[in-house]
Amino acid sequence: YLNNTSQIPAVIAMDQAHREICRMAHFAIDNLQYSIDCFFEHDAKKGQMALQGEETVDYLTGAILGKLVELRSLDLSPKHLNKLYRYIQVVDDLERISDHAENIVEYEEQMRTGKASMHQEALDDLQMLANITMQSMNVSLIVFEKELMDRFDDAEAMEDLVDQTKEQIEASHIERMAKKACDPKGGILFTDFCIDMERCSDHAINLAEVVRDLTEQNA
């Protein structure tokens, strides 16, 4: 972990920071997948795993941000200083992804307890959006973790696909609501779920954009 940051070269410290942020990213994305599985499978165990993972992400957020702040005391070049600030933004993005996972577990509870219901077509649409969102998340993580600039276009295309899919299924949702095929509370959950997926994808593409921006800076 990021120990004794004042006694190690800046390059090594930044490399350690990158590894720890990647570890946190895997936790955050796993949390999102657990919450999605919980929602569609009504799997309480997966929901509990997502909530426990959220606690882990919260802990890592504080620990990593604390160490990143310490790194500012090192003799960093402008390039490394810029990378440091971008890493701080990435940690915030990852924490927010995990927060959205917690939201989805709460939606499942409302569905399971009968406080809201949803037409099967609506559930199918949400499943499709969730699958595309997870693909978007994983591609962006690959770009950030492996610093693979040649996969950036793939990450950007997946993020666009999430936005397009969200628009399409929301249009279908409006038609179902007009036909009263979904109850009002279920309709609200549908919209909230879509927003969560879109924002998770937005946070994920930020990781890939860090690689793009730092690559352009070094060109």
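**Core and helix packing in a predicted model**

Trainee: Which residues touch the most other members of the largest nonpolar core?

Mentor: This is a predicted model. Its largest nonpolar core holds 63 residues. Those touching the most other members are Ile 21, Leu 32, Phe 39, Leu 68, Leu 94, Met 118 and Phe 144.

Trainee: Which helices each supply at least two residues of this core?

Mentor: Take them from the N terminus. They are α1 (10-41), α2 (44-71), α3 (78-112), α4 (120-146), α5 (152-178) and α6 (184-218).

Trainee: What does Phe 39 touch, not counting residues up to four places away in sequence?

Mentor: Phe 39 is one of the core residues that touch the most other members. Its contacts also include Glu 108.

Trainee: Is Ser 201 buried or exposed?

Mentor: Ser 201 lies in helix α6. Its relative accessible area is 0%. Buried means under 20%, so Ser 201 is buried.

Trainee: Which side chain does Ser 201 join in a polar contact?

Mentor: Leaving aside neighbours within four places in sequence, Ser 201 is in contact with Thr 133, Ser 136, Met 137, Glu 159 and Val 162. A polar contact of 2.9 Å links its side chain to that of Ser 136.

Trainee: Are α5 and α6 roughly parallel or roughly antiparallel?

Mentor: Their axes come within 9 Å and cross at roughly 170°. The residues of this contact divide into 12 nonpolar, four polar and 10 charged. Angles over 145 degrees count as roughly antiparallel, so α5 and α6 are roughly antiparallel.

Key:
Residues numbered from 1 in each chain as written. Predicted model: local features only at pLDDT ≥ 70, side-chain atom pairs only at ≥ 80, totals over all residues. Heavy atoms only, no water. Core = buried A, V, L, I, M, F, W, Y, C linked by side-chain atoms within 4.5 Å. Buried < 20%, exposed > 50% of the residue type's maximum accessible area, 1.4 Å probe, protein only. Helix = DSSP H or I, 4+ residues; strand = E, 2+ residues; numbered from the N terminus. Contact = heavy atoms within 4.5 Å. Polar contact = N/O pair within 3.5 Å; in protein donor to acceptor, adjacent residues only side chain to side chain. Axes fitted to C-alpha atoms, helices over the stretch in contact; angles between N-to-C directions. Parallel < 35°, antiparallel > 145°, perpendicular 65-115°, else oblique. Nonpolar A, V, L, I, M, F, W, Y, C, P; charged D, E, K, R; others polar.
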